[in-house]
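Welcome! Take a moment to look over the sequence and the model, and then we will walk through some features together.

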Amino acid sequence: MEILISLLFVCMGVIIAAILTKESSVKRKYKVWGLMLILVIAPFLSFSLGLIYAILEQNGWAAVLMFILFPILFLIGLIILLMGIFRKDAIDNG
């Protein structure tokens, strides 16, 4: 049950991010997706994937995978967020 709830949070985060970034600038898209990845997707996705892997392996220690996945996804989200913060908007001269 915990796995389904965490996957539900991931799906809700993706849907909310998609709604918030519809018809917006590239800079805003990077910011929203970076924050969603850091706050919603990284913790819940790493939790659910860690538990699924532990159940498949029938070993509780296999859930340590979530401690490996979370920092990786967090850093990817941080990079995307920083790209959105420091990216310069294109100037249309035409």
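Let's begin with the aromatic rings: this structure contains 2 aromatic pairs. Keep in mind as you read that the model is predicted.

- Phe9 and Phe44 make a stacked aromatic pair, with 4.8 Å from centre to centre and 20° between the planes.
- The angle of 20° counts as stacked because it falls under the cut-off of 30 degrees.
- Phe9 belongs to helix H1 and Phe44 to helix H2, so this pair ties together parts that are 35 residues apart in sequence.
- Phe9 has a relative accessible area of 36% and is partly exposed, and Phe44, at 29%, is partly exposed too.

**Aromatic pair within one helix**

- Phe70 and Phe74 form a tilted aromatic pair, with 5.9 Å centre to centre and 40° between the planes.
- Both residues sit in helix H3, and because they are 4 residues apart, about one helical turn separates them.
- Phe70 is partly exposed, at a relative accessible area of 31%, and for Phe74 the value is 31%, which also makes Phe74 partly exposed.

**How H2 and H3 pack**

- At what angle do H2 and helix H3 pack? The angle is about 175°, and their axes lie 7 Å apart.
- H2 is therefore roughly antiparallel to H3, since an angle over 145 degrees counts that way.
- In the contact of H2 with H3, 24 residues are nonpolar, 5 are polar and 2 are charged.

**A closer look at Thr21**

- You can find Thr21 in the loop between helix H1 (2-20) and helix H2 (26-57).
- Is Thr21 buried or exposed? Thr21 is buried, because its relative accessible area of 6% is under the 20% cut-off.
- If you set aside neighbours within four places in sequence, Thr21 is in contact with Lys29, Val32 and Trp33.

**A closer look at Ala54**

- Ala54 is located in helix H2, and its relative accessibility of 11% means that Ala54 counts as buried.
- Which residues does Ala54 touch, not counting those up to four places away in sequence? They are Asn59, Ala62 and Ala63.
- Ala54 and Ile79 are 25 residues apart along the chain, and their C-alpha atoms are separated by 29 Å.

Key:
Residues numbered from 1 in each chain as written. Predicted model: local features only at pLDDT ≥ 70, side-chain atom pairs only at ≥ 80, totals over all residues. Heavy atoms only, no water. Helix = DSSP H or I, 4+ residues; strand = E, 2+ residues; numbered from the N terminus. Buried < 20%, exposed > 50% of the residue type's maximum accessible area, 1.4 Å probe, protein only. Contact = heavy atoms within 4.5 Å. Axes fitted to C-alpha atoms, helices over the stretch in contact; angles between N-to-C directions. Parallel < 35°, antiparallel > 145°, perpendicular 65-115°, else oblique. Nonpolar A, V, L, I, M, F, W, Y, C, P; charged D, E, K, R; others polar. Phe/Tyr/Trp six-rings, centres within 6.5 Å; stacked < 30°, edge-to-face > 60°.
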